[in-house]
Amino acid sequence: MSQNGLRPCIVVTGASNGIGQAMAKSAAKGFVVVLVGRSDERLTAVAEEIRTEGSETLTLQLDLLADNAARQVKDFLDANGLACHVLVNSAGQGLQGLAASRPLDAQLRMIDLNVRLLVELTLTLIPGMVARHGGGVINLGSLAGLIPGPQMAVYYATKSFVSSFSQALYEELRGTGVTVTCVIPGPVDTGFLHGRGIKDLPLFKYMPSLSAEDVAESAWRGFQRGRRMVVPGITSKLAALVMSLVPLRLALPVINQVQTRWADPCPCGSGKTFIRCCGMKSSTRRRFGFGIPGLLERKPKSPKAKRVP
Ligand SMILES: NC(=O)c1ccc[n+]([C@@H]2O[C@H](COP(=O)([O-])OP(=O)(O)OC[C@H]3O[C@@H](n4cnc5c(N)ncnc54)[C@H](OP(=O)(O)O)[C@@H]3O)[C@@H](O)[C@H]2O)c1
């Protein structure tokens, strides 16, 4: 029981599925766990499972894109006599495809959820943690936040924001007893990959995916040690190292290539696929099998100018 009579709790957004669900299940015993998500049925099932392991759970069915979502979370905690000790921001969405050809609304909603809501909830709940001199925030970033990501441009940019924001907050809160940990996994085997067909992209054929449970275990361990960043798994650590070494001029065309779905429509509105319409030259595609524009495309040989004596 905290000083002001409120019970400490762990709030997990996106707790109905994937990494959020795994984070909620492996949350420290002795805390009330508050599960936030849209699917009531899934939340109830997860809550039941956690209860059988001895932790008290409450569910809050909420669309985090609704007006005042962060305030609604705070009001729910107040109404139940709870104080947020740890906030896990796991709710997030992704979208693959050329930014100019994907629905603008969906991309703006992604920014609202991955960025706006995360900031709003974090800044709503941190003052209480600072007043109680303890606790913290675990934000789900991504390897995608370390580099720009053609074919998932907005998603990568949102994750870059999460990483920057989390690390700055970590420093600002130094000495207060409150820590902020940004978790940056590579591919994780959840509905996030499967639901939107992201798993079909060539990138995920080359990169093995982690389980949500492994990510949750690393995240909690890193948070308990007061880590600023946690990169779960050896493959993601290696990928992060490579990303930091390879110049963007070389990396961007490769990322563009491995995240391209060939049947994506051209943003010019021709009705043809991007590749056939305004994408890379067919001669390049034929020559290299798949063709990485800018990287492997050879310049046509120009005849050597004769030296004039
Ligand atoms: N999977 C990966 O490969 C991967 C890799 C790196 C980082 N991440 C990040 O990890 C986080 C969790 O991803 P995941 O793999 O666990 O995805 P997931 O399995 O698709 O789960 C996403 C969760 O977010 C919730 N959510 C989505 N929109 C919401 C909304 N408007 N309001 C409330 N809740 C909403 C979903 O709740 P409902 O189902 O109830 O709607 C679900 O619980 C995301 O931030 C993602 O960017 C994922």
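Among contacts in the protein chain between residues at least 6 apart in sequence, 65% join residues at least 24 apart; two residues are in contact if their C-beta atoms, placed from the backbone, lie within 7 Å. This is a predicted model, in which local features need pLDDT of at least 70 and side-chain atom pairs count only at pLDDT 80 or more, while totals for chains, interfaces and linings use all residues. Residues are numbered from 1 along each chain as its sequence is written. The protein chain has 12 helices and seven strands, taken as DSSP runs numbered from the N terminus (helices: H or I, at least four residues; strands: E, at least two). Of its 309 residues, 37% are buried. Here "buried" stands for 20 or more other C-beta atoms within 10 Å of a residue's own, "exposed" for 12 or fewer, and "partly exposed" for anything in between, with C-beta atoms placed from the backbone.

**The sheet**

- Seven strands form an open sheet in the order S3-S2-S1-S4-S5-S6-S7, with parallel pairing; two strands pair if DSSP finds at least two bridges between them.
- Strand S3 (57–61) and strand S7 (229–230) are at the edges with a single partner strand each, so one side of each has no neighbour in the sheet.
- S1 and S2 are paired in the parallel sense over five bridges, and cysteine 9 has valine 32 in S2 as its bridge partner.
- Strand S5 (residues 135–140) pairs with strand S6 (residues 178–183), again in the parallel sense, over six bridges. Asparagine 139 is opposite cysteine 182 in S6.
- In a regular strand the side chains alternate between the two faces of the sheet.
- S2 is covered on both faces: Val32, Val34 and Val36 are buried on one side, and Val33, Leu35 and Gly37 are buried on the other. That is six of its six residues.

**Helices on the sheet**

- Helix H1 lies across strand S1 (7–13), strand S2 (32–37), strand S4 (82–89) and S5, and runs at about 160° to S1. Such angles run from 0 to 180 degrees between N-to-C directions, and axes are lines fitted to C-alpha atoms, for helices over the stretch in contact.
- Helix H2 (residues 40–52) also packs on the sheet, where it touches S2 and S3, and its direction makes about 170° with that of S3.

**One helix pair**

- Two packed helices are described by the angle between their axes and the distance between the axes.
- For helix H3 (residues 69–79) and helix H4 (residues 104–132), the angle is about 35° and the axes are 8 Å apart.
- On the H3 side, the contact is made by Ala69, Ala70, Val73 and Lys74, and on the H4 side by Leu117, Glu120, Leu121, Thr124 and Leu125.
- This contact has six nonpolar, one polar and two charged residues. Ala, Val, Leu, Ile, Met, Phe, Trp, Tyr, Cys and Pro count as nonpolar, Asp, Glu, Lys and Arg as charged, and the others, Gly among them, as polar.

**Around the ligand**

- The ligand is surrounded by 28 residues, and the closest are Gly14, Gly18, Gly92, Thr190 and Phe192. A residue is near a molecule if its C-beta atom, placed from the backbone, lies within 6 Å of it.
- Helix H1 (18–25) and helix H6 (191–195) each supply at least two residues of this shell.
- By class, the shell has 11 nonpolar, 14 polar and three charged residues.

**Residues to look at**

- Lysine 159 is in helix H5 (residues 153–172) and counts as buried because it has 27 C-beta neighbours inside 10 Å. Leaving out residues up to four places away in sequence, lysine 159 touches Gly141, Ser142, Ala144 and Gly145.
- Methionine 129 lies in helix H4 and counts as buried, with 23 C-beta neighbours inside 10 Å. Beyond four places in sequence, methionine 129 is in contact with Cys84, Gly134, Gly135, Gly136 and Val178.
- Most residues other than glycine have a negative phi.
- Histidine 133, in the loop between H4 and S5, is not a glycine but has a positive phi of about 55°. With 10 C-beta neighbours inside 10 Å, histidine 133 counts as exposed.
- Glutamine 151, in the loop between S5 and H5, also has a positive phi, of about 85°. Glutamine 151 counts as buried, with 22 C-beta neighbours inside 10 Å.
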